[in-house]
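Hi,

Here is the structure we talked about, with some notes on what turned up in it. Have a look at the model first, then read on.

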Amino acid sequence: MKKLLVTGSSGLIGSEVCLYFASQGWQIHGVDNNQRAVFFGPQGDTRWNQQRLAGLIHGYQHHELDIRNRQGVLEILKDVRPDAIVHTAAQPSHDRAAAIPFDDFDTNAVGTLNLLEATRQACPESPFAHMSTNKVYGDRPNTITLQEFHRRWDYADSEFAGGIPETFSIDQSKHSLFGASKVAADVMVQEYGRYFNMPTCCLRGGCLTGPNHSGVELHGFLSYLVKCNLEGREYKVFGYKGKQVRDNIHSEDVARFIAAFISTPRVAEVYNIGGGKNNSCSILEAFDLTASFTSREQVYTYVDQNRIGDHICYYSDLTKMREHYPGWDITISLKDTIQQIVDAWKGRSSE
Ligand SMILES: NC(=O)c1ccc[n+]([C@@H]2O[C@H](COP(=O)([O-])OP(=O)(O)OC[C@H]3O[C@@H](n4cnc5c(N)ncnc54)[C@H](O)[C@@H]3O)[C@@H](O)[C@H]2O)c1
């Protein structure tokens, strides 16, 4: 039986990956210490998801480990010797990082190095998939000429009509401390690929979403927006007239791509993984879509100050992913994703 080690296993992407590979017959080892509750308070708690996995996955093995614990990470990799590693544990918030710079860097950059080096020592041939972020591009996407529409921004430059490709520069722009710690991890994951010829990849996520996100104001925009809508709670829009565009990909489509990479790995690859143009929406459009399922108007206030370094318009160019893995494509539309998030929050609030 093949063994998969997933860090951040109780989070959105980690849990989806655990379930997907378990359904394919893999033995699953999850690593998570519920740090999300420390980063974001009780609303970010992921213990419920850990329990869900234990109930759904036969023989699920949870390891209560902080990835900053270098010796602990080395021991677990040597003990389990997984056939593949999926690294999703992180301090994931752009805005939170400035208040906790050491926790952010130690988790995102140093934690990733701990895992890479432990993998090299224990099982260098095992594919290593790392969740990176589109924030590695910093605010450079904001330099692309834009066109303003009634409810959204879009690229006016035809070079980016299909979205942002992986060749876009990550250099000399404002990243936020989070973006910078993720750049360090991203480059290190590439380096372990190129330098040691290990099968690694960086997945630079747009908005990764789905019904199992513990969305909070500072992370998980769509999940949090739907939650606010259902509870009649005020959602704060920060700048750009609410027309800022995000591309949203369901966590199941992310898990399917990771499985495709692990089955036919390549060395030191980088992919922009998001919903692409078809699954993109502005905040105002997300309000409309959500209201179409809940029949509740979104209560919101507008703050005329954008989040530092926030993208005005970002959607991923999925061409490279589709070319390298032709069996993969987006299978869940934005509408279906929002419907699932609505149903999930309703279910969780009635528990
Ligand atoms: N969700 C998004 O929109 C998005 C977008 C781009 C990139 N990403 C990246 O994808 C990855 C997964 O994101 P997510 O949305 O699933 O996040 P999440 O917060 O839902 O899950 C991350 C999990 O990691 C755990 N964790 C955090 N620090 C840890 C540590 N030091 N030791 C052990 N466990 C720890 C948390 O408790 C949490 O359960 C992250 O690397 C994130 O930066 C996410």
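Ser 15 touches Gly 8, Ser 9, Asn 49, Arg 52 and Leu 53, where touching or contact means heavy atoms within 4.5 Å and residues up to four places away in sequence are not counted. Ser 15 sits in helix α1; helices (H or I, at least four residues) and strands (E, at least two) are DSSP runs, numbered from the N terminus. Ser 15 is buried, at 1% relative accessible area. For that word the cut-offs are: buried under 20% relative accessible area, exposed over 50%, partly exposed in between, with a 1.4 Å probe and protein chains only. His 213 is 198 residues from Ser 15 along the chain, and their C-alpha atoms are separated by 9.6 Å.

Before going further, a word on the source: this is a predicted model, where local features need pLDDT of at least 70 and side-chain atom pairs count only at pLDDT 80 or more, while totals for chains, interfaces and linings use all residues. Residues are numbered from 1 along each chain as its sequence is written, and side-chain values use heavy atoms, with hydrogens and water left out.

Now the overall picture. The protein has 11 helices and 14 strands. Its radius of gyration (taken over C-alpha atoms) is 19 Å, close to the 20 Å that the globule rule gives for 351 residues, so the protein is as compact as a globular protein of that length. That rule is 2.2 Å times the number of residues to the power 0.38. Along the principal axes, the C-alpha trace spans about 55 × 45 × 40 Å. Of the 351 residues, 60% are buried. If you take contacts between residues at least 6 apart in sequence, 83% of them join residues at least 24 apart.

What is in the middle? In soluble globular proteins, nonpolar side chains tend to be buried together. Here the largest nonpolar core has 34 residues, and those with the most contacts inside it are Leu 4, Val 17, Phe 21, Ile 258 and Ile 262. (A nonpolar core is a set of buried Ala, Val, Leu, Ile, Met, Phe, Trp, Tyr and Cys residues joined through side-chain atoms within 4.5 Å.) At least two residues of this core come from each of β1 (3–7), α1 (12–23), β4 (84–87), β5 (128–133), β8 (200–205), α8 (251–263) and β12 (269–273). Helix α8 gives the largest share, 8 residues. Apart from this core lies another one, of 22 residues, including Ile 67, Ile 76, Val 80 and Val 270.

Thr 209, in strand β9 (residues 207–209), is buried at 2% relative accessible area. Ile 249, in strand β11, is buried at 0%. Thr 209 touches Ile 249, and its other partners beyond four places in sequence include Leu 12, Asn 248 and Ile 341. Ile 249 in turn touches, among others, Cys 207, Ile 273 and Trp 328.

Thr 107 in helix α5 (residues 101–122) is buried too, at 6%. Among its contacts beyond four places in sequence are Phe 39, Ile 67 and Ala 90.

Most residues other than glycine have a negative phi, and most peptide bonds are trans. Tyr 240 has a positive phi, near 55°; this residue lies in the loop between β10 (235–238) and β11 (245–250) and is buried at 17%. Ser 295 also has a positive phi, about 60°. Its place is the loop between α9 (283–294) and β14 (300–303), where Ser 295 is exposed, with a relative accessible area of 69%.

Cheers
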